[in-house]
Amino acid sequence: MNGEFFPTLYLVVGSFLDPKSRQIRLGGTETYSAALANLAYRKGSRTWILQNGQEPLQEILPSGITVESWRDVTDLRRRLGVLRAQNPGIVLQYEYTFIPDASELPCMLVQHGVGSDGTADSSNRSSALLWLADVRRRMLWLRTTLREHRWCAAFSRVLCVDTNFINQMRANDPMSDWS
């Protein structure tokens, strides 16, 4: 390892391994997770991928990746507590799964981008309905922005794969350190 330290990784994802075929699913999150886990393996570290799923799953892949399923956030947090007590490491969440408390840090959020801004309107709406839709959109945007700020501020770091998200957060809250 050349004196390098690579931490144990706990990746919290929506999906990774198909429970029936035991094959890695196709998709950006799954590809990114596999690449990160393989890097950890090459650096002499371990990776647990905890995926949301109703079917119980515990599989160890040839590359040393352990894949487990969780049904609800309470079970997930309990399992992460047990794993991290045995093997301290960093949790990476790919979705807004839970807001970590101080005992669950370090915990990173991997932000994959900004979703739809909801600006698509049909061309046959009256101006009053368009105005009302615009007011509603602005209120939803404000609520979403405040929620995302609260979520992001709770994590040790936010890793932005899509720069649109970080640019939006910088514009909405320029006083925070978004570097």
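Where in the protein is Leu132 found? Leu132 sits in helix α3. Let us build up the rest of the picture from there.

This is a predicted model, in which local features need pLDDT of at least 70, side-chain atom pairs count only at pLDDT 80 or more, and totals for chains, interfaces and linings use all residues. Residues are numbered from 1 along each chain as its sequence is written, and side-chain values use heavy atoms, with hydrogens and water left out.

**The overall layout**

The protein has four helices and seven strands. Here helices (H or I, at least four residues) and strands (E, at least two) are DSSP runs, numbered from the N terminus. The protein has 179 residues, and 34% of them count as buried. Buried means under 20% relative accessible area, exposed means over 50%, and partly exposed lies in between (1.4 Å probe, protein chains only).

Leu132 belongs to a nonpolar patch on the surface, together with Leu129, Trp131, Val135 and Met139. The accessible area of these residues together is about 540 Å². Such areas come from the Shrake-Rupley method with a 1.4 Å probe, and for residues only the protein chains shown count as cover. Patches are made of residues with over 30% relative accessible area and no salt bridge; like charges are joined within 9 Å, and nonpolar side chains (Val, Leu, Ile, Met, Phe, Trp, Tyr) within 5 Å.

There is also a patch of positive charge on the surface, where Arg136, Arg143, Arg147 and Arg150 gather. Lys and Arg count as positive and Asp and Glu as negative, while His and the chain ends are not counted. The place of a charge is taken as NZ of Lys, CZ of Arg, CG of Asp or CD of Glu. Arg147 counts as partly exposed because its relative accessibility is 34%.

**Salt bridges**

Side chains of opposite charge can pair when their charged atoms come close. A salt bridge is a side-chain nitrogen of Lys or Arg within 4 Å of a carboxyl oxygen of Asp or Glu. The whole structure holds five salt bridges, including these:

| Pair | N to O distance |
|---|---|
| Lys20 and Glu55 | 3.2 Å |
| Arg22 and Glu59 | 2.8 Å |
| Glu104 and Arg77 | 2.6 Å |

Lys20 pairs with Glu55, linking the loop between β1 (8-13) and α1 to the loop between β2 and β3 (58-60), 35 residues apart. Lys20 is exposed at 67% relative accessibility, whereas Glu55 is partly exposed at 39%.

Arg22 and Glu59 also meet in a salt bridge. Arg22 lies in the loop between β1 and α1 and Glu59 in strand β3, so the pair ties together parts that are 37 residues apart in sequence.

Glu104 forms a salt bridge with Arg77. Glu104 is in the loop between β5 (89-93) and β6 (107-111), and Arg77 is in helix α2 (residues 73-86), 27 residues away. Is Glu104 buried or exposed? Glu104 counts as buried, because its relative accessibility is 14%.

**A buried serine**

Ser45 is in the loop between α1 (28-42) and β2 (47-52), and is buried with a relative accessible area of 9%. A polar atom of the Ser45 side chain lies 2.8 Å from the backbone oxygen of Pro7. The side chain of Ser45 also reaches the backbone nitrogen of Thr8 at 3.4 Å.

Terms used. A polar contact is a pair of N or O atoms within 3.5 Å; within protein, one must be able to donate a hydrogen and the other to accept it, and residues adjacent in sequence count only if both atoms are side-chain atoms.
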